[in-house]
Amino acid sequence: MTSIVIVGGFYGDEGKGKIVSYLAMKDNPAIAVRGGVGPNAGHTIEHKGKTYKVRMLPSAFLNPTTRLLVGPGVVISQDVLLKEINEFGVQDRTFVDYQCGIIEESHRVADSKGRLKESIGSTGTGTGPANADRAMRTLKLAKDVDSLALYLDDIPNAVNFALEREEKVMVEGTQGTFLSLWHGTYPYVTSKDVTASAICADIGLGPKNVDEVMVVFKSYVTRVGEGPLKNELSQETAGLKGWKETGTVTGRTRRAADFDFDLAKRAVMLNSATQIALTKLDVIYPECAHMQSFSDLSSPAKYFVKNIEEQLKVPVTLIGTGADADDVIDRRKEL
Ligand code: IMP
Ligand code: MG
């Protein structure tokens, strides 16, 4: 397996960051490349007692030898990107495409008020207005701004060249399938398609060069911002179940519901999933916390996983059992 694309199967916040950082340390990819929307994404990674939050860089940065790339389909906030590059000390291995779009103050202002803020519940990070300007062909590109000069590269070329040399490439999506501009709960969606095909287009990877598509589902569904959420629980019930979460970017409380098989089936179809990563199993079955072997799981937890496999007809290869990037049951060898 040389290329793997990792995307969210629900409404974002499925735990992609954690899964990506586990795979980055385990599989040692030469390249981790981000597609997706922009700094509206928030990926949280915990490792050895430290918490990291990334909004622009690939979540694979914990592996010190992985090159960190951002594809031309992504819109960049210079402040956020440069801050993360400095914070994580990855100056020598971060590259963004010449043609990444640039978010400016005017985009953030437009995104932080009116209909986008109040009715859609946008993150206010300027990604939607920037993508609108890109469609109008007025958006500035990374090659036009001085602050990014050191970090520019031809990302599609880097990705495809690595694959030719049979190096491992990990492709990171953002948000989740049902926040897709095409396939989500329009108009309560983000400003781009975020399914696997779109993430590949964002970085210049053609469909024949994708080996694996991993869809990440959390063991329950959450959603921030506006829009429908089937069987939404009251905040009180969500709290009692221990499902109360707050957003990485906006700090808003996430709405919650049980695992939704209809949504999951559709996500498997839309992304042509070959593998499923299931996160936060320990939140539903606390007795399984930090486990690293499937055989150690309690019977109800095993049944929960097997039922997902039976209904979705895709193997659950990774299972998250805690917040640390290493709290993972890796079944790829047994399945
Ligand atoms: P925008 O992408 O900032 O325009 O926000 C549009 C909708 O997508 C809002 O409901 C946001 O809360 C949601 N959204 C955007 N990015 C994320 C994410 O990374 N995780 C979860 N929800 C997101
Ligand atoms: Mg998030």
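The model is predicted, with local features requiring pLDDT of at least 70, side-chain atom pairs counting only at pLDDT 80 or more, and totals for chains, interfaces and linings using all residues. Residues are numbered from 1 along each chain as its sequence is written, chains are lettered from A and ligands numbered from 1 in the order in which they are written, and side-chain values use heavy atoms, with hydrogens and water left out.

Start with the metal. The magnesium ion (ligand 2) has Asp13 (OD) and Gly42 (O) as its protein donors, 2.0 to 2.3 Å away; donors here are N, O and S atoms within 2.8 Å of the metal (3.2 Å for Na, K and Ca), and with water not among the atoms, sites may look incomplete. Asp13 sits in the loop between β1 (3–8) and α1 (16–27), and Gly42 in the loop between β2 (31–34) and β3 (43–47), so the pair ties together parts 29 residues apart in sequence. Helices (H or I, at least four residues) and strands (E, at least two) are DSSP runs, numbered from the N terminus. Asp13 is partly exposed at 21% relative accessibility, while Gly42 is buried at 15%; buried means under 20% relative accessible area, exposed over 50%, and partly exposed in between (1.4 Å probe, protein chains only).

Now the backbone. Most residues other than glycine have a negative phi, and most peptide bonds are trans. Asn231, not a glycine, has a positive phi of about 55 degrees; this residue is in the loop between β12 (220–223) and α8 (235–241) and is exposed at 60%. Lys313 likewise has a positive phi, about 60 degrees, in the loop between α11 (299–312) and β15 (316–320), and is exposed at 71%. The Tyr186 to Pro187 peptide bond is cis, with omega near 5 degrees, and Pro187 falls in the loop between β10 (169–172) and α7 (196–203).
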